[in-house]
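Visitor: I have a model on my screen and would like to learn to read it. Please take me through its features one by one.

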Amino acid sequence: VQLQASGGGLVQPGGSLRLSCAASGSIRSINAMSWYRQAPGKQRELVAIIISGGSTNYADFVERRFTISRDNAGNTVYLQMDSLKPEDTAVYYCNAFVRTSGTSTYGSYWGQGTLVTVSS
């Protein structure tokens, strides 16, 4: 299973970015998909999560600025980030709980990370 994240870049404060993360491989089903971030010198933290039924949850610091969603096939997760602040600068990682073909349990898989820099 591979997770390919994209969409990071440099944006001015108040701007927007949309991150994407596509899962591929021998996937039987995906339960939860989520976005984490890690700023320099800080621990990785959860940003948002979406489960297979469509329920979502966000970290308090999101303050309704971000929206997590999945495509109809359920293998791609998006993070729409609006009203970005300099403190949102971090490497953003996607994560998915995947049940692969021939198995009965879910495993956790990570994407490679995409850098988001918010600066004027």
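Guide: Start with aromatic pairs. Rings of Phe, Tyr and Trp (its six-membered ring) pair if their centres lie within 6.5 Å; planes under 30 degrees apart count as stacked, over 60 as edge-to-face and the rest as tilted. By this rule there is 1 aromatic pair here. Tyr36 and Trp110 form an edge-to-face pair, with 5.0 Å from centre to centre and 65 degrees between the planes.

Visitor: Before we go on, what kind of model is this?

Guide: This is a predicted model: local features need pLDDT of at least 70, side-chain atom pairs count only at pLDDT 80 or more, and totals for chains, interfaces and linings use all residues. Residues are numbered from 1 along each chain as its sequence is written, and side-chain values use heavy atoms, with hydrogens and water left out.

Visitor: Which parts does the pair of Tyr36 and Trp110 tie together?

Guide: First, the naming. Helices (H or I, at least four residues) and strands (E, at least two) are DSSP runs, numbered from the N terminus. Tyr36 lies in strand E4 and Trp110 in strand E10 (residues 107-110), so the pair ties together parts 74 residues apart in sequence.

Visitor: Is Tyr36 buried, exposed or partly exposed?

Guide: Buried means under 20% relative accessible area, exposed over 50%, partly exposed in between (1.4 Å probe, protein chains only). Tyr36 is partly exposed, at 23%. Trp110 is partly exposed too, at 38%.

Visitor: Now the sheet. In what order do the strands run?

Guide: Strands of a sheet pair through backbone hydrogen bonds, either parallel or antiparallel. The rule used here is that two strands pair if DSSP finds at least two bridges between them. In this model 4 strands form an open sheet in the order E1-E3-E8-E7, with antiparallel pairing. Strand E1 (2-6) and strand E7 (66-70) are the edge strands, each pairing on one side only.

Visitor: How many bridges join E3 and E8?

Guide: Strand E3 (residues 17-24) and strand E8 (residues 76-81) pair over 6 bridges, in the antiparallel sense. Find Leu17 there: it stands opposite Met81 in E8.

Visitor: How many salt bridges are there?

Guide: A salt bridge is a side-chain nitrogen of Lys or Arg within 4 Å of a carboxyl oxygen of Asp or Glu. The count comes to 4 salt bridges. Take Arg37 and Glu45: their closest N and O atoms are 2.9 Å apart. Arg37 is buried at 6% relative accessible area, while Glu45 is partly exposed at 32%.

Visitor: What about Glu63?

Guide: Glu63 forms a salt bridge with Lys85, with the closest N and O atoms 2.8 Å apart. Glu63 is in the loop between strand E6 (56-58) and E7, and Lys85 is in the loop between E8 and E9, 22 residues apart. Lys85 is partly exposed, at 27% relative accessibility.

Visitor: Which residues do shared partners join into one network?

Guide: Arg37, Glu45, Arg65 and Asp88.
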